[in-house]
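Please open the structure in your viewer and keep the selection tool handy.

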Amino acid sequence: MASTFHVEHFGCRAARADGEAVSERLRAAGHCVRQPSVADVVIVNTCSVTAEADRAARAFIRRAHRLNPEARIVVTGCYAQRAPEELAGLTGVAAVVGNSHKALAPEIVFQLLRDREGEALKGHGFSRAEEAPTADAALAAEGMQHHPQVLVSVESVLAGKALSPIWADDRFAHSFIEAAQVMPGAQTRPNLKIQEGCENRCTFCVIPSTRGPSKSLPHAVVLRQVEGFVAAGGNELVLSGINLGRWGRDFSDSEGAPPRTLAGLARKIFERTPLPRLRLSSIEPMDWDAELIGLMEEFGGTRLARHAHLPLQSGSDAVLRRMHRRYRPWHYAKKVVALLRACGPELTLGADVMVGFPGESDAEFEETMALVQALPFGYLHLFPFSPRPGTPGWTLHAERPVPAEVVGERMAVLRALAVEKSLAHRARFIGRELEAITLHTPAEMEARGRTATLTENFLPVELQGRQEANRLLWLRVSGVNAEGTLEATAVENSLQTLCSA
Ligand code: SF4
């Protein structure tokens with residue numbers, strides 16, 4: 001009897017890659033994906049970058065339990081690492097698995113599915129024949145020993161609540177989750193997470209304490225992954241990490257030959273595999289060094305996507321200093337200019353910007369507006385500052401909070417500028433031919449006879465006509481619709497040409 005599961009993702013691409021790896025292993029073991037309202041196990045892959053992210057995860061857990069009280073809910077990810085007790089106390093949660101033990105998440109889910117299946121079989125007078133690996137067996141295989149920590153709080157005992165086991169400690173295991181083969185499937189362009197953790201100490205961020213120091217996936221494993229992905233028909237792969245630009249910096253001399261930089265790794269991928277397109281996810285501004293920018297110049301627009309996401313956070317020198325960010329606004333602008341020289345105007349530039357960091361004055365916010373105005377951003381991810389307990393930002397917020405209404409006003413102004421810049425960037429491509437990959441098309445778009453695509457330089461485009469996902473093709477951009485999405489027609493014969501290339 002096949003059991004069913006659902007994975008709900010919150011957070012960054014790196015966190016999503018963890019969730020996809022768990023999902024892939026469960027699918028490979030014969031379990032099927034279902035909606036949370038009917039699934040046997042619901043895995044909530046949390047983020048804890050802001051208090052809002054925590055709230056969203058708790059709300060989802062409550063909703064999932066209300067819709068499907070029988071489901072075993074497994075909570076994993078950064079929130080599970082940062083505050084496991086908080087989550088273990090929520091009704092419906094069957095297990096909490098922090099990032100330190102995330103490699104065990106599939107085994108813990110197998111165990112829960114087996115228990116559930118066993119109950120169903122017992123009800124029919126059967127016993128179960130085959131055994132999947134248990135979490136303890138997986139731990140032993142990893143050379144680790146661990147027993148789930150069961151935390152008892154006075155409140156939960158008084159309330160007569162069942163306690164859920166917690167798998168989390170302050171070690172940061174980095175193992176077979178990342179080694180699970182990425183496949184073109186539910187995600188046409190999956191993430192391959194090749195780096196974990198961060199050694200920076202940005203004052204607003206909890207990641208260094210939830211994910212530990214930087215750790216890289218060895219290059220031989222990365223190459224195997226890419227080869228497996230291409231052999232399974234994959235066309236576009238996204239390299240991701242918590243601090244991707246630090247890939248390889250943790251390798252010692254005893255850990256084999258180079259490459260030990262992200263650019264060197266990408267070069268090896270191009271030499272050793274026929275992967276048609278590689279995309280790099282977010283990279284910190286100062287990690288865009290001459291070698292990486294040189295790689296963009298050499299391969300950008302062919303096998304490497306002309307797309308660069310450099311988190312900005314603020315355009316004010318003083319705010320960046322309070323954030324403990326390692327660059328100044330002029331460093332950021334210099335990196336952007338170098339990238340534009342390397343890739344040309346086809347480059348799509350993206351950034352994260354945080355609004356309302358403690359003490360952000362009107363003048364400091366205006367500096368951010370001016371820098372955003374000056375640079376050719378194709379999109380911006382905007383976040384209001386949200387204080388995280390245990391970070392220096394929490395104390396700074398207690399001392400110099402920016403009033404919520406001021407944050408709201410600044411968000412609105414910046415959002416309007418972001419929309420304007422995004423439209424201006426997209427409009428440059430009307431009448432141009434661009435290379436793109438077809439995606440899984442939402443039902444509503446499919447009903448209109450269209451296909452969702454993403455161009456090599458990261459522009460979402462609605463293509464006339466229906467195509468299945470994961471095809472590379474050239475399209476001719478004909479215009480932009482009322483929602484600001486580009487529209488296009490396929491360039492005749494481009495599908496065959498690219499596919500046979
Ligand atoms: S670079 Fe800063 S914001 Fe990014 S993960 Fe590291 S500490 Fe957090």
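The tour visits a sheet and then a pair of helices.

This is a predicted model, where local features need pLDDT of at least 70, side-chain atom pairs count only at pLDDT 80 or more, and totals for chains, interfaces and linings use all residues. Residues are numbered from 1 along each chain as its sequence is written.

Start by selecting 307-309, 348-355 and 377-384, which are β11, β12 and β13. Helices (H or I, at least four residues) and strands (E, at least two) are DSSP runs, numbered from the N terminus. The three strands make an open, parallel sheet in the order β11-β12-β13; strands pair if DSSP finds at least two bridges between them. β11 and β13 are the edges: each has a single partner strand, so one side of each is left without a neighbour in the sheet. From one strand to the next, the twist averages 15°.

Now zoom in on β11 and β12, joined by three bridges. Opposite His-307 you will find Thr-348 of β12.

Contact here means C-beta atoms, placed from the backbone, within 7 Å.

Finally, select α12 (290-299) and α14 (329-343), which pack at about 25° with axes 8 Å apart. Ile-293, Met-296 and Glu-297 of α12 meet Ala-338, Leu-339, Ala-342 and Cys-343 of α14.

Conventions:
Axes are lines fitted to C-alpha atoms, for helices over the stretch in contact, and angles run from 0 to 180 degrees between N-to-C directions. Two residues are in contact if their C-beta atoms, placed from the backbone, lie within 7 Å.
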